[in-house]
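Please look over the sequence and the model below before reading the briefing. The notes are grouped by topic.

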Amino acid sequence: MINRFAVVLAAGQGTRMKSKLYKVLHPVCGKPMVEHVVDNISQLEVNHTVTVVGFGAEMVKEHLEGKSEFVVQEEQLGTAHAVMQAKDALGGQKGTTLVICGDTPLITVATMSALVKQHEETGAKATVLTALAEDPSGYGRIIRNAQGEVERIVEHKDANEDELTVKEINTGTYCFDNEALFEALDNVSNENAQGEYYLPDVIEILKKKKELVTAYVTEDFEETLGVNDRIALAEAERIMRTRINREHMKNGVTITDPANTYIDTDVIIGSDTVILPGTVIQGKSKIGDGCKLGPNTEVHNCEISHNTTVQQSVLSDSAVGSHVKIGPFAHIRPGTNIQDEVKIGNFVEIKKTSFGKGSKASHLSYIGDAEVGDNVNIGCGSITVNYDGQNKFLTKINDDVFVGCNSNLVAPVTIKEGAYIAAGSTITDDVPESALAIARARQVNKENYAEKLKSKK
Ligand code: UD1
Ligand code: CA
């Protein structure tokens, strides 16, 4: 089996993005562009992946930790110079080297592997992945000779009028014979419009040495989009989103309006789940079968089990069981664990709370830092008073407790099993099992007082 290596170019600042964030870290459908590239490479049989990062690009390393090795390109002198930084790691070894830019997140595993296959089958020293672009501006153009062979690549900024009309573009992805690549790199110069060492020049160098250089033309230009500015970033997001939504629909998820449904790359969704318009599902979320999410619902890093309904609500970093009903207008904040058959109604906020099976908070509640047992009913307007301005305290509400409307449970406090809290109570002491706690002023009725008030007018 042939050795395979990959070099990912990710050291460029990305000036055209006008951003403090390294270009390749800008996310597309929730995942940094460069991580899409590295994750795809990991699905090919590659022995070593080396990512070229800029000086001080600690964040790039953090994102790719464990998925790639790194070399640093201290100064960004061009794509050829970037690949040269991998010489210590890869130079002198026999094999195929896939070079790919960290700013082309849409190139699929299928295309990468077709490129590698063609390269290895033809025995070429270099195979460049090209595409036909309706609007090729900004891209390097593929210049072929009279026989139709790839002769060289000319950058947009260096191209003459004739060359600018060429629609076949360099996608920035290549396969090289590893030894031929590093040999040729030594001969790349920076005498061009940008004063940079261009990797595409390797093609011409190899061709002049009468080596076999070919192209693999992919039919899908969309896939090869290079993200250089925020306009292309939005375009990449749209293409990736369409792809993700189609994949879910193929797997049995109903998405009523795919153009208005935003699902991150690594989200998992079960079959017969229905996603209504305006819904955003992010991060490592996992949604079970037969759920109904939306409209206008945000789910960040949540695990939701089966047959659960979430309407017009926001959920973050939490777990939700099956047959649960949430919303409309609920806010489930980090650290919440909602068990099966729960109902969380409108204007209810829950934070860092376990909420037991069959329990309900149907209207206008705040439950924070609490342990709520099974079959608990939290009445309208009741809240946990969990914060004294300095510290947060725990409220425990055991199984089968009934909390009457508009109660304040001042933590730390425990309401034991089966107890009742009278409506309007402010509970500061623990309530024993099966007790009724009433903590409010008694009502006083002043007979005929209304008449008196009226006569004063
Ligand atoms: C590059 C190609 C162009 C191709 C296009 C495809 C060159 C000279 N041109 O142009 O032919 O059509 O990609 O999208 O290669 N990088 C480094 N170090 C550097 C410079 C760049 O690591 O010194 C990295 C960048 O982070 C980026 C990638 O290389 O991920 C490509 O660089 P970029 O400046 O975006 O090249 P393009 O102008 O798009
Ligand atoms: Ca680019």
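What follows is a briefing on two residues and one annotated span.

This is a predicted model, in which local features need pLDDT of at least 70 and side-chain atom pairs count only at pLDDT 80 or more, while totals for chains, interfaces and linings use all residues. Residues are numbered from 1 along each chain as its sequence is written, and side-chain values use heavy atoms, with hydrogens and water left out.

**The annotated span**
- An unreviewed UniProt entry lists residues 6–220 as "domain: Nucleotidyl transferase", and UniProt annotations may be inferred rather than shown by experiment.
- Residues 6–220 are 28% helix and 27% strand, and the C-alpha atoms at the ends of this span lie 22 Å apart; helices (H or I, at least four residues) and strands (E, at least two) are DSSP runs numbered from the N terminus.

**Asp-177**
- Asp-177 belongs to strand β10, which covers residues 168–177.
- Asp-177 is buried and has no salt bridge, the nearest side chain of opposite charge being that of Lys-125, 4.2 Å away; buried means under 20% relative accessible area (1.4 Å probe, protein chains only), and a salt bridge is a side-chain nitrogen of Lys or Arg within 4 Å of a carboxyl oxygen of Asp or Glu.
- A polar atom of the Asp-177 side chain lies 2.9 Å from the backbone nitrogen of Ala-180.

**His-363**
- The unreviewed UniProt entry annotates His-363 as "active site", and His-363 is found in strand β28, residues 360–372.
- His-363 counts as partly exposed because its relative accessibility is 38%, partly exposed being the range between under 20% (buried) and over 50% (exposed).

Notes: Chains are lettered from A and ligands numbered from 1 in the order in which they are written. Lys and Arg count as positive and Asp and Glu as negative; His and the chain ends are not counted. A polar contact is a pair of N or O atoms within 3.5 Å; within protein, one must be able to donate a hydrogen and the other to accept it, and residues adjacent in sequence count only if both atoms are side-chain atoms.
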